[in-house]
Amino acid sequence: MSRYVSREIRVKVEERANFRCEYRRIHADDSFLPLQIEHIISLKHGGGSELENLALACPHCNQNKGTDLTTFLEDYQDIVPLYHPRLQVWFDHFKVEDGEIIAKTRIAEATIKLLKLNEAERLIQRSLLMSIGRYP
């Protein structure tokens, strides 16, 4: 498919994600910038613009993920894939404590590291949203 994502597909992606970033679970209403359509497997790596390869992501997650599919942990021999929102369940890999996203798996560790999910401003935002019942 082309790089273009139709309005119809965008609406399907947004509804499927319940209007939340599929990586850090922030609702569109609580994001400072509009959520974006993200290619889970980038066009560069042969992914297409079909519904099964698209996720809803906040600009922060989308920018940090880029075209990456994996990252290194501990040493350069330990290549770990990133969380895949179409194949995996978020709550199987992550949990939230006091606004911090905690890894339950190596996939979550890799995703938290690469997408910088626990930067200070993200922690503050999630903590505030938790205090008013808007997260997760």
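Visitor: What do the buried residues of H4 pack against?
Guide: Keep in mind that this is a predicted model. In it, the buried residues of H4 pack against helices H2 (59-65) and H3 (90-93), plus strands E3 (70-72), E4 (79-81), E5 and E6 (100-103).

Visitor: And which residues of H4 are buried?
Guide: Ile-107, Ala-108, Ala-110, Thr-111, Ile-112, Leu-114 and Leu-115. That's 7 of the 10 residues of H4, so the helix is largely enclosed by the rest of the structure.

Visitor: What follows H4?
Guide: Lys-116, with a positive phi, near 55 degrees.

Visitor: OK, the core. How many residues has the largest nonpolar one?
Guide: It has 33, and Tyr-23, Cys-61, Trp-90, Phe-94, Ile-101, Leu-117 and Tyr-135 have the most contacts inside it. Helix H1 (7-16), strand E2 (54-57), strand E5 (94-97) and helix H4 (106-115) each give two or more residues to this core. The largest share, 6 residues, comes from H4.

Visitor: Take Ile-101, then. What does it touch?
Guide: Leaving out residues up to four places away in sequence, Ile-101 touches Arg-24, Trp-90, Phe-94, Lys-95, Val-96, Ile-112, Leu-117, Asn-118, Arg-126 and Tyr-135.

Visitor: Switching to E2: which way do its residues point?
Guide: Leu-54 and Leu-56 point one way, Ala-55 and Ala-57 the other, and all are buried. In a regular strand, side chains alternate between the two faces of the sheet.

Visitor: How many bridges join E1 to E2?
Guide: There are 4, and the two strands run antiparallel, with E1 covering residues 36-39. As one of the pairs, Glu-38 has Ala-55 as its bridge partner in E2.

Conventions. Residues numbered from 1 in each chain as written. Predicted model: local features only at pLDDT ≥ 70, side-chain atom pairs only at ≥ 80, totals over all residues. Heavy atoms only, no water. Core = buried A, V, L, I, M, F, W, Y, C linked by side-chain atoms within 4.5 Å. Buried < 20%, exposed > 50% of the residue type's maximum accessible area, 1.4 Å probe, protein only. Contact = heavy atoms within 4.5 Å. Pairing = 2+ DSSP bridges.
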